[in-house]
Structure formats: C-alpha cells, structure tokens
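Have the sequence and the 3D view open as you read.

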Amino acid sequence: MRRSRDTRKVAIVERDTANTADALKRDLLEKLFCNQGKFPAVATKNDYYLALAHVVRDRLMHRWVGTVRTYFEKASRTVAYLSAEFLLGPQLGNNLVNLGIDDQVRRAVADLGLSLDELLEQEPEPGLGNGGLGRLAACYMDSLATLQIPAIGYGIRYEFGIFDQAIRDGWQVEITDKWLRLGNPWEIPRPEIAYNVRLGGHTEPSVDDAGRYCVRWVPERVIVGSPYDTPVLGYAVNNANLLRLWRAEAPESFDFQAFNVGDYYGAVEEKMVSENITKVLYPNDEPAAGKQLRLEQQYFFVSCSLQDMIRIHLQRAKTLDHFHEKYAVQLNDTHPALAVAELMRLLVDEHRMDWETAWQITTNTLAYTNHTLLPEALETWPLPLFGRLLPRHLEIVYEINRRFLDEVRRRYPGDDARASRLSLIGEGGEKRVRMANLACVGSHAINGVAQLHSELLKATVLRDFYELAPEKFSNKTNGVTPRRFMVLSNPGLARLITAAIGDTWVRNLDELRKLEPLAQDAGFRHEWRRVKGDCKRGLAEKIRRATGVDVDPSFLFDVQVKRFHEYKRQHLNVLHVVTLYNRLKRGVVTDLTPRTFVFGGKAAPGYVVAKLIIKLINAVAETLNADRDTNQVLRVVFFPDFNVQNAQPIYPGADLSEQISTAGLEASGTGNMKFALNGALTIGTLDGANIEIREAVGAENFFCFGLTAEDVRRRKAEGYRPRDLYEGNAELREVLDLIGSGAFAPSDRTLFQPLVGSLLDRDEYMLLADYPLYVACQAEVSRAWQDREQWTRMSVLNVARMGMFSSDRAIREYCRDIWRVEPVPIELS
C-alpha cells in the first residue's frame, strides 16, 4: 500500500509539472474548472489568466518547496533584504521566461483560441513601489534566485500601492491602485504565522532575580503582522526564493460587545485603525497623522521581519548567539533603519542578552545601502513623535548614541562640532532622530550605488562617518535584470542576440561582448534595425491606444520616462522641445530631424512643481501636435501611468535615452541601463551611473553634455545668477518668454509664470546653465541620426558593452564583499 501511494504521489507531481503544450493545455482547462468554477463558453479573459497563473504557480511550488527544504536542512546562511518597496511588475510573463516554457504556453493557449499577449495584459501590476528603489529590490530578488543565493525579501503588502495616473486636461490625476481587486494568484497567505507589534505606551524598568537591569514595554496598542508569501524563481535554475510581505491586522477584528449596544463603528474601529498601517504606499506625511502612519509602517515591517528571522533561526539553533552567522540583513535605504534599535530590543529585552553581545551581533548582522545625496531625503523623525510611538526604542537610541559619542570624543577630543554632526539626535531647532546616522552606526558595511555617488557620500553627507570608519564604505553600482528587461521586454532583440552568440548571455551578461565584431557586419546591422523598427511600431501602437496621438515610427524616438522631480530636469527637455518649435516657426531651420518626444512618469501627489511640469509637457504637446507648421516633424506625447508593465515596450522602442539630471544629485539611476541594454543611445550629464555607462560603451557612443558635480558646486559657491544667462541668450529668452506668456495655456496665461520665475530667480537645479550645452549636444544627436549605419553601429556597441550593468554582477559583489554568502544549488527529486 505504501509503495502504491508513493507511486501515485510521484505521478501527481509529474503530471502537475509537465511542460509540453498538451499538458499545459490540459492543466489550464482543469484550473479553469476547479479554481475559477467556469467552463470555456462563459470564461472571461481574466478567468483564463487566473487559471494559467495557477498552472504556472504549480510549477513554481515544486521548486519552492524543494528550495525551502534544502535551505532548512543545510541551515544555509541567508540574505534578508529589507525594503519598504518591491516594484515587482507583472509576474506571469517573467515566470514563463525563468521556467523556460513561454513558447509551450503560447502554443497551448493558441490551441484554445486565445492570445498569450492578451492574457498577459489581464494581470494587474502590484504597485508596491514608487520608482527605482523598489524596482532595484525586485531586480536583486531575481538575481539572488538566479545565482542560487538563499534569500528572503521582506516588505509591506500595501493594499493600495502607488496610485494609478490619469491625465485630465493635461493635469495628473491620482486614482486608487486596486491591484488586489480580482485577487493575486501568486501569493500564499500564512495565517498560522503572526507577530505582535507594539506601539505607544510606556516603559517600566526593573531588576530581575539575577540582579540584571531589565525594561518592560507596556504598549498602548498592539498590531498583528501576518505574512503573504510570493515565490521568486531564478532563471534556468531550481532555486525559488521567498518574498514575504506583511499585512497589518487587529488582534480582535470585531468587538461583539460594542456591536450589541449599538456602537457599530466602535465594533470595527480597532480593525480599521490597525489595517491602516498597510493600506497605502507612502501616505502623505505633511500632516502629523501622516508622519505617524509612515513611522508606524516602517517599524511594523521591520519588527515583523526580525521576529520572523529569529523564529526561523531558533527552529534549528538553541540560542541567538550565532544569529549574525545565519543572516546577512541588508537595509535598502533608511526606511528599515529602525532594525538597529529593534534588533537590540529583541535581543536585550526579549531574549535577555547582555548589551555588548547584542551590539556585536546587531552590527555584524546589518549592512546599509544609501540611495540619496539629497540631505532632505535622509529621513529624520521628530523626537516627541518617536518617543510617543516607540518609547523603548528611544531609550535604546539614546544608549547607542551615548556609547557611540563616547567613542567619537575619545577619537576626536574637543571636536564638539564633529560629535554634534555624528550624533543620532539632531539638536538644531526641533530635536529629531537621524535615521541615516542610526543605520551607519549600527551597520558593519555602508555602500553607495554608483562610483560618483559613493565618492560624494564620503565627501559630503556621510563624510564624518567615512573619516571615523573608512573600512565600512564601498561602492556597489546598481544593475538590472536582463531576464525582464531584455528577454521578456524585447524578445526580438533577445532572439537576434541568441542566434548570433548563443544564449549564455542571459545568465552572464558579459557574454554580450561577443557582439562587438558584429557592429561592423552590414547584414547584422540590417537585422538590428529591423528589430528596432518592430519595437518602434509596437510602441507607436501603444502610444496611440494610450493617448490617441499617432506617431511615425520612422521619427527619432527621444524618450524620458522616470519619476518626476526637478533635479531630474524633465523641464530642461521641454525647453529644448520649445526651442525646436520656435526655430521651425521662425523658419530658421527647414531640415529638422523628425522627432517624437515621449515623456512619462509620476509626480508625488503633494509635489506641486512636478505636477506643473507634467501640465506644461501636455500643454506643449497639445499645441505642437495640432500645429500643421510643425507636426510633420515634431510630436510630443505624455505616456500616462508609467510603471513596470508600461515600461516594457518603451525601453525597446526608444532611440535616444534622456538622462539629464543635475550632476551630483542622481545616486545611480537604472532606467539609463535599461535603455542602453535595448539599444538606445544616451544623452546625459556626468551624473550617477551615467559616468560608468559612458566609460563602458565609449565616449564616442554617448552624447555627453553639461556641468560636472564639481562645476555645479563651484558655480553655486561663486554666486549663481540665472537671470544673467537669460539676458545673455536670445534663444533661451525667447523660449522662457513664450512659456511665461501663456502661449501654451490660453485659458490661464499666468499658469506657468511661477515655473519660469523660479528658473530666473533661483534655478536650483542649474537648467539655464546647462541649456546651451544641452541644445548643442542635441544638435550632435540630430547629425548622428542622419547616418543610420553609424547610428546602428553605436547602438550595437552600446548593448555589447553593457555587461557590467547586470544585477547579477551587483549581487555577486554584495555576496563577496558584504554578505559572505555562497550559492546553494537545488536538486529536485
């Protein structure tokens, strides 16, 4: 009987993981019936998508369970990646690529009269991130699994993620992101795992029977954290790592007594207040309530994650003495910096460890990645709020700070200014807890995300920490996964590359170097242009459906898509567009290179200037696209709701990538890498990873312009006067006057005057200083575009030399230099 049962079990596994088109088609119909309760005649496309997702998930589960079992049995050292954002993108297509069954699935659904592309479009995007930070975390999870590194990603399961963006009358309108409305087939709830997270209240010191000083935290309220797990499969391996996202719940979701006396709101009040913590990604933190909610979010997910790690560790170990040998915890920016104080609280208060031992474990466990050079983006919290919400943690921060500043004063006697800068408590004006300082003190490693960024960190915002402990600092230039951003997003290019050099490049992007000689092959260049043309036609159709604007694929597609911020300088791009428009209207130029300018990106709901720039872009687009004098050579479109899903056709369709931030302000950027890997040439400043991209692809294959970071610093120190530049440049003056006059806003001619005024009076991000250099560089672009053969050579060489910008390379460096983690291959039984 036992043998028969085992044989049947094996048969079930083989049936559920068979990957022929016939087996997949059979399983799809079975899932449609069993999971969706539908038969084909009444099933919707969404029913078929969900059924297919469960078919694919079955194949993931076989690998996931095998992975978890192996890691458990080997007690594998594990990376824990703590991030407030994981911008995953749709999962179905990526999982098909990593499983290697996309062709079989396409045939299976075609046999049922369906289109795989249409089913892929049914999947809502999990809006669990705002931009580059969350997308980087997702790329790193993909690479960790592909490189067979044991890892857990920890974050928040936001019920409503980053808003969906609509454009109405040229303005951004935020729409609730209801990504869970139709269910999420990729996640697995784990209600049997739950952790209490305490908030507010007070602390009570005491001495235990052994004479040890102890502190008991008596909270005002308790929130319960429950995990939802998503498997993250590596490419062409059996490793499937874990992404664990936390949902906030009330200990008691319904007060029956309150309900019985007619207090219907009170009966569910605790549930609503508790669940608010994971309701929305980045609540508006202008009001005090928003600040408190954001701090609650950060503490909630950090506490749940650390409690979870401790639980897992104690499944095999008897004590936490070797916790730092089990886990390498990476803090993705300052959002998880509370991990320093929380791990100390758990070790000292909950597990009765002495302070010195707990501190050694904490600092050997944690490492910190900084993602910004903007001082205002280095999070700080008002001391009264911090102490009211986390009274025990404030005590711990004070004690860490006391011991740390004692060390600083020993190293630098009499240097009170240095001690003040290094302190975890900012004393200037309102006292605040400095989260970046806490992360630096509590981590054994600190890294920036591009060579320039890391050097500027050491020279500016973290200079004192670098001088105190230079051995902690290193650079880990960001990277992107070629699986999503080449194989999935640009299958035509992936097939062309594979036909030319084989398929090993998908796991080893340095193999793209083999394309270099083919840049001189006329036949290969012809095929390259054919693939690019197909991508541009596909993007043109997406643009028509999204905006109603027809664009000509033969035009140069000049693209800038990214989060809106003044330092990213989308408005510098607009100044160039209006410059070309003015030249055409004046008849100064008659042979203008036909261009379509594509913009996209979201502005934070409270960022008034960024939203005004979006309005300006749409106003300029409306005017230019309707003007018969110019619309045969100039088109402008704003692609709404830029996200991972919408990015996937945009990167392959671009000819020119706009990376024009003010030098010294972009930490790295990853959009620059995605464009270049898809054959777009870059016009950019010497900022972030642009510098390393230019070095890699060759200066002759990169359109570089503008002030350097040192130039910016010097010009500002000397007294920057943007109005003088306006007065001295007739073409710039004509552009700004036209915008300020209301020519693009006839119903409100003063609409854009504040934007123009800020450029003339302050120009904090040096647009007017870079304007003539940018316009001149764009003229170089136009000249280069005229020679399509040479442009194609440059495009091929860009892709061929981008190997170092794989997230696989970045993860290998983290594993080698910071985490000390080795691969653990998974063999399936």
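Strand β11 covers residues 327–332, and six of its six residues are buried. Buried here means under 20% relative accessible area, with exposed being over 50% and partly exposed in between, using a 1.4 Å probe and protein chains only. Strands and helices are DSSP runs numbered from the N terminus: E for strands, at least two residues, and H or I for helices, at least four. Look at either face of β11 and you find it covered: Tyr327, Val329 and Leu331 are buried on one side, and Ala328, Gln330 and Asn332 on the other.

A quick word on what you're looking at: this is a predicted model, where local features need pLDDT of at least 70 and side-chain atom pairs count only at pLDDT 80 or more, while totals for chains, interfaces and linings use all residues. Residues are numbered from 1 along each chain as its sequence is written, and side-chain values use heavy atoms, leaving out hydrogens and water.

Now for the partners of β11. Strand β1 (residues 78–82) pairs with β11 in the parallel sense over five bridges; two strands count as paired if DSSP finds at least two bridges between them. Within that pairing, Tyr81 has Gln330 as its bridge partner. β11 also pairs with strand β12 (residues 366–369), again parallel, over four bridges, and there Asn332 is bridged to Thr369.

Leu29 is partly exposed, at 33% relative accessible area. Beyond its neighbours within four places in sequence, Leu29 is in contact (heavy atoms within 4.5 Å) with Pro40 and Leu112. Leu29 and Leu112 sit 83 residues apart along the chain, yet their C-alpha atoms are separated by 9.3 Å.
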